[in-house]
Amino acid sequence: GGQEHRLRGRSQGDDGEQRFDLSLVPAGYDTRTQTLTLQRCKFESSTGQEFSTAAVVKLGEYVALGAAGSDPLFVVLRVSPIER
């Protein structure tokens, strides 16, 4: 836990191309309840949409981290195990 993970990308919307940054800082994973606790989730886009929150995500389920802007952009996360 505690190490920041960043995702940068682009999406195409009605207003043209948007760039975004999503950073996640995990606090820990509980193997008994299969939940990931994120101490910080921060979203920022080139159009000015942004939010910051914390979340608890259960393995295999979808969770809406937040929505930003007058024409809302929803950011949804799903945690899946990685097969090794």
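Visitor: Which strand does Ser45 lie in?
Guide: This is a predicted model, where local features need pLDDT of at least 70, side-chain atom pairs count only at pLDDT 80 or more, and totals for chains, interfaces and linings use all residues. Residues are numbered from 1 along each chain as its sequence is written, and side-chain values use heavy atoms, with hydrogens and water left out. Strands here are DSSP runs (E, at least two residues), numbered from the N terminus. Ser45 lies in strand S3.

Visitor: Is Ser45 buried or exposed?
Guide: Buried means under 20% relative accessible area, exposed means over 50%, and partly exposed falls in between (1.4 Å probe, protein chains only). The relative accessibility of Ser45 is 12%, so Ser45 counts as buried.

Visitor: Which side chain is joined to that of Ser45 by a polar contact of 2.8 Å?
Guide: A polar contact is a pair of N or O atoms within 3.5 Å; within protein, one must be able to donate a hydrogen and the other to accept it, and residues adjacent in sequence count only if both atoms are side-chain atoms. Contact in general means heavy atoms within 4.5 Å. Leaving aside neighbours within four places in sequence, Ser45 is in contact with Gln18, Arg19 and Phe20. The polar contact of 2.8 Å runs from the side chain of Ser45 to that of Thr47.

Visitor: How many aromatic pairs does the structure hold?
Guide: Rings of Phe, Tyr and Trp (its six-membered ring) pair if their centres lie within 6.5 Å; planes under 30 degrees apart count as stacked, over 60 as edge-to-face and the rest as tilted. The number of aromatic pairs in the structure is 2.

Visitor: Why does the pair of Phe20 and Phe43 count as stacked?
Guide: The ring centres of Phe20 and Phe43 are 6.1 Å apart. The pair links distant parts of the chain, with Phe20 in strand S2 (residues 16-30) and Phe43 in strand S3 (residues 35-45), 23 residues apart. Planes under 30 degrees apart count as stacked, and the angle between these two planes is 25°.

Visitor: Which residue forms a stacked pair with Phe43 at 5.6 Å centre to centre?
Guide: Phe43 counts as buried, at 4% relative accessibility. The planes of this pair are 20° apart. The residue that pairs with Phe43 here is Phe51.

Visitor: Which residues form the aromatic cluster?
Guide: Phe20 is partly exposed at 23% relative accessibility. Phe51 is buried at 13%. The one cluster is made of Phe20, Phe43 and Phe51.

Visitor: Where is Arg40 found, and is it buried or partly exposed?
Guide: Arg40 is found in strand S3. The relative accessible area of Arg40 is 33%, so Arg40 is partly exposed.

Visitor: Which side chain is joined to that of Arg40 by a polar contact of 3.0 Å?
Guide: Leaving aside neighbours within four places in sequence, Arg40 is in contact with Glu4, Ser23, Leu24, Val25, Ser52 and Thr53. The polar contact of 3.0 Å joins the side chain of Arg40 to that of Glu4.

Visitor: What pattern does the protein follow along the sequence?
Guide: The protein has 0 helices and 6 strands. Read along the sequence, the pattern is β-β-β-β-β-β.

Visitor: What percentage of the residues in the protein are buried?
Guide: The C-alpha trace spans about 45 × 25 × 20 Å along its principal axes. The protein has 84 residues, and the buried share is 27%.

Conventions
Helix = DSSP H or I, 4+ residues; strand = E, 2+ residues; numbered from the N terminus.
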